[in-house]
Amino acid sequence: MSDKETYIRSLLKDGEELLLLTDTDLDRAGMFGLRWLAVTSERVMTFSDGPGTSTTDGEPEVEVALADVKGASVAHMVGHLALEAEIAGRRIELLRGSNSHAEKLARIASSLTVACKDSKQPEFDLTEEESLHCSECGRLLPERGSFCPACLKKRRLLARIWHYMKPYWGRAALMSLCAITTTVLALTSPYLLKILIDDVLLGDGGERLLLILVMVLVGTRFAGLMIRILGGRLLAWFNAGIIHDVRFDFYQAVQGLNLRRYDKTQTGALLSRLTHDTSMLSFLFRIVGNGVIPSLLQLAGICVVLFVINWQLALIVLIPAPAVVVLTRKFYRIVRRYYSRVGQRQARMTARANDSISGIRVVKAFTQEPSEILQFESQSEELRQASGLAGSMDATYFPIIEFVIALGSFLVWYFGGLRVIRDPDKMSYGDLMAYLSYLAMFFGPLRMFTRFGGFINRALAAAQRLFEITDADQEVYDAPDAKALKSVEGAILLDDVHFGYVKDKPVLKGVNADIRPGEMIGLVGKSGVGKTTITNLICRFYDVDEGKIALDGVDVRKIKLRDLRRHVGIVPQESFLFNATIADNIAYGKARATREEVISAAAAANAHEFIMRLPDGYDTRAGERGARLSGGERQRISIARAILRDPKILILDEATSSVDTETEEMIQCALANLVKNRTTFAIAHRLSTLKRADRLLVLEDGQVAEFGTHEELMKKKGTFYTLVQLQSRLSAIKVVDG
Amino acid sequence: MDATGPDSEFLAPARVSLSAREPARLRLTLQQDRSYLEVKAVRAFPLSKPDRLIGLLDVRNGDRIIGIIADPRELDASSRKCLMKSVDGHYFLPTITRICSLREEFGAAYFDVETDCGKRHFVAKGLRDGTQHLGDGELLIPDVDGNRYRIPDWRRLDALSRKFLMPVV
């Protein structure tokens, strides 16, 4: 029990129970520091830590009776937030915290509000859904619920990578054999050089031995070449195969990812994992296969040979090795920082230039060329300085390392030379030359290790990021007791639906509605009130937090997800077309649709005519690199897609918001064809477009404010009536403005 | 043009009277016009001009803007005190005065800093991509929770702090 808890417990009266004791990171003066919130069965209190408010004598700063609290909420300010209690119609601030405490404070507010409403004792569950701290070392994580780079289980990760390597073990074994042979052949050359010097040039081997030795040298080099080519080719296919497997698993996981994960992760970040992280992993295999393993073998081989030939000289050779490792590491870090700055400044300059050139019409129209040039010049100058400095560092540090390496060879020349002069029987001139060759071969791999150590760690982190997605929460397609749904009537029940994309910001707060099969429901309300959210919940892109949504009396969570979505069609606000033909886009939801069916759907969506006018007709490529279709045309293709799928439940999300009046009419006609005999949810900004709706569901503050026919709601003169009046006035102003 | 006329975005300081029962909720009286019972004060330029151009929002009318006070120094002392207390309480943007350590691991940057609001440890994701350059050496560093930390001019920090920031500036 902490000092604070002991102290707070000492303040409790007989029978008073401590229900919650938690802290935030902002003190009363708005400085970083601990502040405590204690909720007991009778009171709500806050305390501070710090000078004058020690844990043993601090009196509560705020103290209110729990019975007086009618609710609690979180006030979001800029950079921080406050937990407030509602007491006698007033909101009293209890304490503040930085954004790091947003989720916790929201949970406390929610628990307090629920308890006050039900006149119960509050129950708090502050278990974080996704921790911000590493459970092992306690350090902050780079991403909530993500892995801790410091505690990255390299062994487990390597085991995971090994799992991907398994199917290619035969190739891997052959590659290892190639690497060993290459090393042996590489180590042979200096030894042959020694024989050449001692026995041919300085000895009496003669021309014949010379020819044999040169032939052997050529042979070993040629064999090395062949084996390297073979190893390289094997590695290329080995690498491509593994990366394909990883990429495939990753993409499969991405397609099945829960949408909540998409809310938290930017699509760009996911794509970066698919491209950048797989490239990193691929590069890892390449440098391990091509560089690390052969270099390791080479280093080990050289050490053995050097010690076998002359152990004393071998020790001398190794003298500069630690210095080379330390210096390379240190210099590399320094130089990398300088180059990183170059990269940053270059990126900023490029972004600015890109902005300016892309917006050249605006620049010229506002005659801002001189100011743009001036800004560019200043950024280019910054880059000049950074590049010059980085280049200077590079030019200074790495020759120093070369010099240290050269010192090693000077030592060999001196001590080796002494031995050759004083004791030629124990060390010949050829031995010395072979030593110098081995020395040259020794420091290359050593430097490479020091440089690639950091890279290998980054590549392993990239692998971890990939596996993180592969292991992430997938959409639950089938709950264990999920039912198949062959045919659907289309009755939908919203029963006390509560939902928020983020826990501390509820969007829907108890929505109730009973919708009959085939009814068209207009969803009305200000933006952000939860109209699209309701449709998202019907599609089960998300699950409700409380309450339920039922289709034909069955909770949607108990219906097989594929079956549910098969019966739902969406015409979204932003119609998305894939980079494929118009026909493919229309048939996206029904792959086996005949061309006749595609044409019929397009005709019903009022799209047939404009498609036929295109030079390539239905074979016109749409999407990013396709024909430039107008917003209305894209929207009608999107409607045709929904018509072809023939869903029983239809969602029209602001389907006519981004088009002109004439196009809107055409789309309305298309929609009239589409909504027949389908339960339809229509969201429209222009309320006049909802006249055809059977009933209107008006949302306000996350709840149903009104639900009835257009006529009923107009008669009622409530929220809907006010909204209609407001829009009519706005339209009138627009007409007057022309 | 009268910048503080009846239809202007700007409120004439002489007409403005502010009082507060709690700092976060001001009461505004516009002389010879009307009173607003719950008013929130926000900065129009929170980063570049935090002490000037302060907007008043009508909380009971969906945060509708009432007007802007161009220079709070022109208000009477009591109103100015209420306004500044309220607006200061609405914003929390610690200014980094010293970077004690900055460790980068796998793309995450672990900061240990001193700020005008006390010491703080935080972690920023993607230091190079995340740091915003606001011009004239001013930096804004967001952490993983969406908190932000400001450096008014990195060139004025001590040598060690500058060294830590070198890869991004």
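A nonpolar core is a set of buried Ala, Val, Leu, Ile, Met, Phe, Trp, Tyr and Cys residues joined through C-beta atoms within 7 Å; buried means that 20 or more other C-beta atoms, placed from the backbone, lie within 10 Å of a residue's own. The model is predicted, and its local features need pLDDT of at least 70, side-chain atom pairs count only at pLDDT 80 or more, and totals for chains, interfaces and linings use all residues. Residues are numbered from 1 along each chain as its sequence is written, with chains lettered from A and ligands numbered from 1 in the order in which they are written.

The largest nonpolar core holds 68 residues, and A:L523, A:I586, A:I639, A:A640 and A:A682 have the most contacts inside it. Helix α18 (residues 631-645) of chain A gives the largest share of this core, six residues. Helices (H or I, at least four residues) and strands (E, at least two) are DSSP runs, numbered from the N terminus. Apart from this core lies another, of 23 residues, including A:W36 and A:V74.

An open sheet of chain A has six strands in the order β13-β14-β15-β10-β16-β17, with mixed pairing; strands pair if DSSP finds at least two bridges between them. β13(A) and β14(A) pair in the parallel sense over four bridges, and A:V571 stands opposite A:L652 in β14(A). Helix α13 of chain A packs on the sheet, where contact means C-beta atoms, placed from the backbone, within 7 Å.

| Strand of chain A | Residues |
|---|---|
| β13, edge | 568-571 |
| β17, edge | 703-708 |

The contact between the chains takes 25 residues from chain A and 29 residues from chain B. On the chain A side, α9(A) gives the largest share, five residues.

Definitions and conventions:
Two residues are in contact if their C-beta atoms, placed from the backbone, lie within 7 Å. A residue is buried if 20 or more other C-beta atoms lie within 10 Å of its own, exposed if 12 or fewer, and partly exposed in between; C-beta atoms are placed from the backbone. Axes are lines fitted to C-alpha atoms, for helices over the stretch in contact, and angles run from 0 to 180 degrees between N-to-C directions.
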